[in-house]
Amino acid sequence: MSRRAMRLWVLFVGIFLTAGPFLGAQGRVYRERVEPHWNEAGTRFWYRNELPGDSREFVLVDAETGTRGPAFDHAVVARGLSEITGREISATQLPVDSLEFRTGPEGDQLRLTGTDGRFLWNAAAGTVERLDETTSVVPRLFLPPRPSGNSSEDVEFEVVNQLDAAVKLVWVSGDGEQREYVTLAPGQTHRQHSYSGHVWMFVRMDGTALGCLTAGERGVKWMLTEEAIRNVQRREGRRGRRGGLEGDVRTTGLNGTWQVFVKDHNLWLKSTVDGSEFALSQDGLASNTFRRDAQRARAVGMDYAREDYPEDQADVIWSPDGAFLIAFQTTQVEERRVYYVESGPKDQLQPKLQSYPYLKPGDPIPVTKPRLFRLSDRSEIPISRELFPNPWSLEFQGWSGDGKSFRLLYNERGHQKLRLLEVSLESGAVRVLIDEQSPTFIHYSSEGKFELRWLSEERALWASERSGWNHLYCYDLKSGQVRNAVTQGAWNVRRIERIDEAAGWIWFYAVGIVPNQDPYHEHFCRASLDGATVQVLTEGDGTHQIEWSPDRRWFLDRYSRVDLPPVTELRKADGVRVCELEQADANEVLQARGSFPERFQAVGRDGTTMIYGLIHRPKDFQAGQSYAVIENIYAGPHDHHVPKEFRASWGHQQRIADLGFIVVQIDGMGTAWRSKAFHDVCYRNLKDAGFPDRIEWMRAAAVERPQMDLSRVGIYGGSAGGQNAMAALLWHGDFYDAAVADCGCHDNRMDKIWWNEQWMGLPEGDVYQANSNMENAHLLKGHLMLVVGELDRNVDPATTTQVAGRLVQAGNDFEFLVVPGAGHGACETPWASRRRSQFFERTLGGPKAVSASVP
């Protein structure tokens, strides 16, 4: 599965099912986000605050002096605009949307733009005057293009081509397609209708993209200048498996004289000079083909609709000099399919049988192996597979500095070996550059846990948990040895933000690095590439997100906690605090909710490791009453899942709490981003789900909170959380009384191959059976509701039906909800959500008077 697909899957499961959708108005948060608009010198910026009562203010910050104040005299501007427009305008409700720094003969000025047009504020004179309707602007262009936003607001702009060459104006659609509109000759002006948020790209006549702008303001004349081209903001493209930008595929070699193609599943070359053809291989078969593979993306990567590549399209890479050809030959496997019935299709009365490709743990997978050919004598150079005998994946990573060898990343099936290999073009000899091994699992499937970044001088940056924590190591690729640890300590590198080899620094986010704070809080840091220095650049007690100034001399640091609305600070590049910009105002949220969630920590099963979680109280919480406790669980090992940042709304957690329950969320052992030992608890042990830690946490919380009635405990979750919820009643039915399990993977042999083999390995022995809710359904205690959407395309819906069948065989009473027309996450549909709430009200009961005894 591609890391992009994994991120999308994690985003859906980890956020949607755990946190719930932000439904319902619960008050607004003001001053929560600063969006800086910097001047050309990179020394000052302005931003706008939305305030209560539909008011707003504009703030100007001087980064060099550390001063913050009104961008202009709002009262004076209001009087001036009132005179110009002929109507009364309030200083707190100015019809101004944006500002632009300008320098005039009388000093610094600001252009004010809004619904009434454009106006000029002269700070020295304290005056405001109307500007011409059309104002010339040098745009801040960006690359690569991004899809257009969705808006119905009409705008019109002009473009003046001040370059020496013609350019094309291209519209980028909402799905990323590009459509050419007009060609502008040098000096030509063009007026273009658009919609706010639509993206337009300038392209040279040879197809080179120059930059993009986003339509937004009315009456703007964009001046396309050399300055605009020089200052294009660039974002790195995503790297594909061939080491180049995604989509960069070469098909010709030897100065373009040969073109490669596939015929009858074998590899062929065709001369672009005389059209002659010859075969490089003779052993290609439909089951072992040189044709580029799409099966893996469908059946493993969950890109179910991926179409096969053309029959003649080869999966090849030419050497830099075009003298050698690397071809990938892929064994094909039977594509297991998941079948389900769509009972009420929109286009007909009768039901439809639907299916999608979906490999499961232990299934044969498409395996790609490299073949190496020399063009001068049309010979094959054998490559030994001794160092990559059983690949889960084998991915091309690029070339050595001298172009004489290529690199492969080998991830062994079972995920206990991860190797960076180098193959010589001349001999086919394979050597190990980096060899990562683990007796449990290597967490390859999440950003931050897998990092491979190329450095100059034949060096690479590599992430590893070999020390017991996730850290970065600098490797000498010539010797295959570690040059130095870049980071080290009892904390984790979370993700890389930037590497600057010339300056010798790497910037990254880390967790657990600041003592006496929640170890899941993300802090922004930098380290010298030689490992001599590590510096934490943020301070506040919360989880942090930063935004650089255009020249990276300053950054905005925004941090928050679930019980602390966002605080925004301005800092220098070295982390020195310049000034506080904003403390968010969440009073409306607090008044609507009654309280923020409470953070709580307690020791887990081992008596020493701290476990962290949240407590959600009902809006009308009464200290003199006791409440049943309901845990919202998601124990997927790919991440931690208890939110850390501030939220104005909490979706299903708060809705359930408001029915008269105390809802808790906990990260127990077996989840990610603590120590490797903490994480390894999940290995071949998903049924554990951190339950011993969760139970200890709740018992500790109840000691000082007699309102938590642990004689009535419920639990609910979806996907892996659905598996966890039912497991609570199988193995911990003496503590949990009621569970709602939504779309759970109740037997990991029934679920997607990549996620389950990552944590459970191959299905050898009885490990999968021992962790199976289905195989252990007879252990059920308490009240259970099973929920599944009939159209689930993430977890095979049959796994819920199978566990229901075992419960029937065992004679257990339970409730079974199949939600017609629903997919994954069926319990978050209004009807099923209501049924879940009624289930807990019926099985756990409402608030009671606090007992004199303490749990």
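Patches are built from residues with over 30% relative accessible area and no salt bridge; like charges are joined within 9 Å, and nonpolar side chains (Val, Leu, Ile, Met, Phe, Trp, Tyr) within 5 Å. Accessible areas come from the Shrake-Rupley method with a 1.4 Å probe, and for residues only the protein chains shown count as cover. The model is predicted: local features need pLDDT of at least 70, side-chain atom pairs count only at pLDDT 80 or more, and totals for chains, interfaces and linings use all residues. Residues are numbered from 1 along each chain as its sequence is written, and side-chain values use heavy atoms, with hydrogens and water left out.

Tyr339, Val341 and Leu353 make a nonpolar surface patch of about 330 Å². Valine 341 belongs to strand 26 (residues 337–342). Helices (H or I, at least four residues) and strands (E, at least two) are DSSP runs, numbered from the N terminus. The relative accessible area of valine 341 is 45%, so this residue is partly exposed. Buried means under 20%, exposed over 50%, and partly exposed in between (1.4 Å probe, protein chains only).

Helix 12 (residues 798–810) has 13 residues. Its buried residues are Thr799, Thr800, Val803, Ala804 and Leu807. They sit on the same side of helix 12, because they cover an arc of only 140° around the axis. The arc is that of the directions from the helix axis to the C-beta atoms. On the other side, Val808 and Gln809 are exposed. The buried residues of helix 12 pack against helix 9 (720–731), strand 52 (783–789) and strand 53 (815–819). Contact means heavy atoms within 4.5 Å. Just after helix 12, glycine 811 takes a positive phi of about 80°.

The whole structure holds 63 salt bridges. A salt bridge is a side-chain nitrogen of Lys or Arg within 4 Å of a carboxyl oxygen of Asp or Glu. Arginine 298 and aspartate 308 form one of them (3.0 Å, N to O). Arginine 298 is buried, at 11% relative accessibility. Aspartate 308 is partly exposed, at 48% relative accessible area. Arginine 684 and glutamate 764 also form a salt bridge, with the closest N and O atoms 3.6 Å apart. Arginine 684 lies in the loop between helix 7 (676–680) and helix 8 (691–703), and glutamate 764 in the loop between helix 10 (753–760) and helix 11 (767–770), so the pair ties together parts that are 80 residues apart in sequence. A network of salt bridges links Glu539, Asp557, Glu569, Arg571 and Arg577.

Notes:
Expected span 1.5 Å × (residues − 1).
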